[in-house]
Amino acid sequence: MYFIVEILGKQYKIFKNIIIKIDYLNIKLNSLILINKIILFSSNKYFFLNKFFLNKIIIIARIIKHGKLKKITILKFKKRKGFKKKYNFRKKYTEIIIENFNFKYFFNNFKINGSKKIRRFF
């Protein structure tokens with residue numbers, strides 16, 4: 001079972017208890033984040049793309065730590081002009097862990113024993 005979610009304009013494939021690095025969020029450590037921008041949900045029995053169903057799910061994540069990535073060196077130059085500039089940059093990131101999913105809507109509307117068939121929704 002996995003989700004594809006959008007966080008700060010980037011898409012991530014997430015599972016339960018997975019740690020991912022996202023762009024920096026100016027939020028304190030150990031605080032909870034609610035992710036509700038879900039693009040796709042897939043499990044062994046179900047595959048959802050329909051936003052009507054996906055808007056009902058909430059993913060809960062916790063901030064673990066903040067940090068900086070490796071240094072990136074950017075070199076600008078123009079040939080035969082003698083123009084050179086060198087920049088260094090370290091991007092900040094935030095590590096989050098996916099803690100829980102809220103599936104109340106699915107369990108209320110669809111029976112897990114397979115008596116109700118679910119097809120792909122496009």
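A nonpolar patch is made here of residues with over 30% relative accessible area and no salt bridge, their nonpolar side chains being joined within 5 Å. In this predicted model, such a patch is formed on the surface by Ile 72, Ile 74, Tyr 87 and Phe 89, which together have about 350 Å² of accessible area. Two or more residues of the patch are contributed by each of the strands β8 (72–78) and β9 (83–89). Tyr 87, which is placed in strand β9, has a relative accessible area of 35% and is therefore classed as partly exposed.

Aromatic rings also come together elsewhere in the model, where four aromatic pairs were counted. Among them, Phe 3 and Phe 101 form a tilted pair, with 4.7 Å from centre to centre and 50° between the planes. This pair connects distant parts of the chain, since Phe 3 belongs to strand β1 (residues 2–7) and Phe 101 to strand β10 (residues 92–102), the two residues being 98 residues apart. In contrast to the partly exposed Tyr 87, both Phe 3 and Phe 101 are buried.

Definitions and conventions: Residues numbered from 1 in each chain as written. Predicted model: local features only at pLDDT ≥ 70, side-chain atom pairs only at ≥ 80, totals over all residues. Heavy atoms only, no water. Phe/Tyr/Trp six-rings, centres within 6.5 Å; stacked < 30°, edge-to-face > 60°. Helix = DSSP H or I, 4+ residues; strand = E, 2+ residues; numbered from the N terminus. Buried < 20%, exposed > 50% of the residue type's maximum accessible area, 1.4 Å probe, protein only. Patch = residues over 30% accessible without salt bridge, like charges linked within 9 Å, V, L, I, M, F, W, Y side chains within 5 Å. Areas by Shrake-Rupley, 256 points an atom, 1.4 Å probe, with all protein chains shown as cover. Salt bridge = Lys/Arg side-chain N within 4 Å of Asp/Glu carboxyl O.
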